[in-house]
Amino acid sequence: METAPRPGRDVPLKKDKLQAKRKKTRRYWEEETAHTAAGASPGPPRKKKRNGEHRLQKPKNTPISKKSRMSKKPQVPKKPQERKKPEPQRSLSGAQDPFPGPAPVPVEAAQKFCRIDKSKKLTRLKSKTRSKLEVAEAEEEETSVKAARSQLLLAEEPGFLEGEDGEDTAKIRQADIVEAVDIASAAKHFDLNLRQFGPYRLNYSRTGRHMAFGGRRGHVATLDWVTKKLMCEINVMEAVQDIRFLHSETLLAVAQNRWLHIYDNQGIELHCIRRCDRVTRLEFLPFHFLLATASETGFLTYLDVSVGKIVAALNARAGRLSVMAQNPYNAVIHLGHGNGTVSLWSPAVKEPLAKILCHRGGVRAVAVDSTGTYMATSGLDHQLKIFDLRGTFQPLSARTLPQGAGHLAFSQRGLLAAGMGDVVNIWAGQGKASPPSLEKSYLTHRLSGHVHGLQFCPFEDVLGVGHSGGITSMLVPGAAEPNFDGLESNPYRSRKQRQEWEVKALLDKVPAELICLDPRALAAVDVITLEQEKKERIERLGYDPEAKAAFQPKPKQKGRSSTASLVKRKRKVMDKEHRDKVKQNIEQQQKQQKQEKAKPKGSRPSALDRFVH
């Protein structure tokens, strides 16, 4: 009787099972080798044993060198591998990019965003400090190139107004501009007839989306002026002197007849600040979260709205304060006085930073442009002047007006608006960084009442005017910046985005003590204070810890460290230092002699010669 063979013992394995065992999966990153026989999948190459090879037998009793032990195979010089040329980049369609790599950036466009002045070369720097500065310069250069390249994404361009065949643009009326522009821009021109509660003061939010206005007879309202949606409307039953938005459109400061009040966007009173009484003008510093108030008693008060404390209360000693403006560049407050002067104030200093004599009579209005370079003032002498604030404080241009300007305002691109009675005149310059030309008016518009407030809307070619008859929104082509920063002032932000921005702004809040005329001085080294601290440290310790240590020669061998040789080496170093000092003194004497020879002999001695040395 035949027995069935046991599985796994006598029965030979099938070919398919043998092939399945030998088969290895090929990874997608492995290159495909020579094709194997039919039915077998390609795998990694294997080393084949050569049957014809036989090892060489070593003779007995022969010394084996170390090299032969280490290298059993004969060393063959390797051929240098040729580097493969990089293949040109191809798109998804397979077409070759005709312009590979990043797009080149013009040097002028990159220099526009560069903040480091490479012309000033710092000498005598340590290697570590020099390397840090080089890294900072490289990062600044890379950032400026990226900013210049991203300018292509700014699709909007500033507007302009040109007359046909030499036509004077001042003769173009608002009705003609409304007919020429598109429907969305034409809707931005409107008039609010509010004669019952006028005259009005108005203010735009930082995003340029919301507008707040307050009347002399207690009427206060805020609205989204783009969609004409009313946010709140109340009557405080008291005269309103001025009105200002705080860091966002949800908080509103109103200077009423007696005290300063804070409201929210629903018209609910949140705070009544009685320490700020009889306030006439308001200014808000957004990066410092400071609300500056000028009062009839002559005090300039700074209120920190983030913590609700008064930072400083400064007495200007110039009587009633009714003219105030802020410098957006350095957050310095400009106050106009009845004696024709304009004083510059900071909460860190009790005295004015500077005083400028501007007019023969009292100052009626002050305005500073967005770059902090130019200041416009108007006085009772009917003079309108433009001053340079870059250290000289000298007038650049002046114009005599028939009636005198009672209100002034600068736009984001340097246009200057002046309210004279019931007429608004606008002057334009060559560009954003140039002063406005007072020779020829850019636009002129007559209102239904006397002007009591002016402000250009941010990121919109619109000028808001508050007058005794209500509110007027004028179209001024080329007044505002066409592109806004979505992370800083986004007019289309949601509630969640606004809350996140508020948290970030509070974290980046600038202390009030850092307000000064030149913000770049904060990055400089205070040499006088540094030397004073060094002297105090020496007096406290009794020695100078940073002084150069005395030369100590290193010990040498073979009898070269005897006392005589050590003293000789010390004296040699001391003599060298002495020679260097003598050389420096001789060079200084020669320079002084050359300066004395260069002076004319007949010149009279001056009292200022004591400061030459």
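The side chains of Arg390 and Asp388 meet in a salt bridge, with 3.0 Å from N to O, where a salt bridge is a side-chain nitrogen of Lys or Arg within 4 Å of a carboxyl oxygen of Asp or Glu. Side chains of opposite charge can pair when their charged atoms come close. Arg390 counts as exposed because its relative accessibility is 55%, whereas Asp388 is buried, with a relative accessible area of 9%; buried means under 20% relative accessible area, exposed over 50%, and partly exposed in between, with a 1.4 Å probe and protein chains only.

The structure is a predicted model, in which local features need pLDDT of at least 70 and side-chain atom pairs count only at pLDDT 80 or more, while totals for chains, interfaces and linings use all residues. Residues are numbered from 1 along each chain as its sequence is written, and side-chain values use heavy atoms, with hydrogens and water left out.

Of its 613 residues, 34% are buried. Contacts, meaning heavy atoms within 4.5 Å, can also be sorted by distance along the sequence: among those between residues at least 6 apart, 45% join residues at least 24 apart.

Glu142 and Lys146 form one, with their closest N and O atoms 3.6 Å apart, and because they stand four residues apart in helix H4 (residues 127-149), about one helical turn separates them. Another joins Glu296 and Arg278, the closest N and O atoms being 3.0 Å apart. Here Glu296 lies in the loop between S11 and S12 and Arg278 in the loop between strand S9 (269-277) and strand S10 (279-285), so the pair ties together parts that are 18 residues apart in sequence. Glu296 is partly exposed at 28% relative accessibility, and Arg278 is partly exposed at 41%. Salt bridges that share partners also join Arg201, Asp242, Arg244 and Glu283 into one network.

The loop that holds Glu296 leads on to the strands beside it. Strands of a sheet pair through backbone hydrogen bonds, either parallel or antiparallel. Strand S11 (residues 290-295) and S12 run antiparallel and are joined by five bridges, and two strands count as paired if DSSP finds at least two bridges between them. Within this pair, Ala292 has Tyr302 in S12 as its bridge partner. S12 (residues 299-304) is mostly covered, since five of its six residues are buried. On to strand S13 (residues 309-315), S12 makes six bridges, again antiparallel, and Asp304 stands opposite Lys309 in S13. Each of the two hairpins has a glycine with a positive phi: Gly298, near 90 degrees, in the hairpin of S11 and S12 with three residues between the strands, and Gly308, near 75 degrees, in the hairpin of S12 and S13 with four.

Further along, four strands form an open sheet with the order S14-S15-S16-S17 and antiparallel pairing. Its edge strands, S14 (323-326) and S17 (354-357), each pair on one side only. S14 pairs with strand S15 (residues 333-336) over four bridges, and in this pair Ala325 stands opposite His334.

Most residues other than glycine have a negative phi, and most peptide bonds are trans. Against that background, Ala331, in the loop between S14 and S15, has a positive phi of about 65 degrees and is buried at 7% relative accessibility. Met237, in the loop between strand S5 (229-235) and strand S6 (240-245), has a positive phi of about 60 degrees, but it is exposed at 73%. A cis peptide bond joins Gly198 and Pro199, with omega about -5 degrees.
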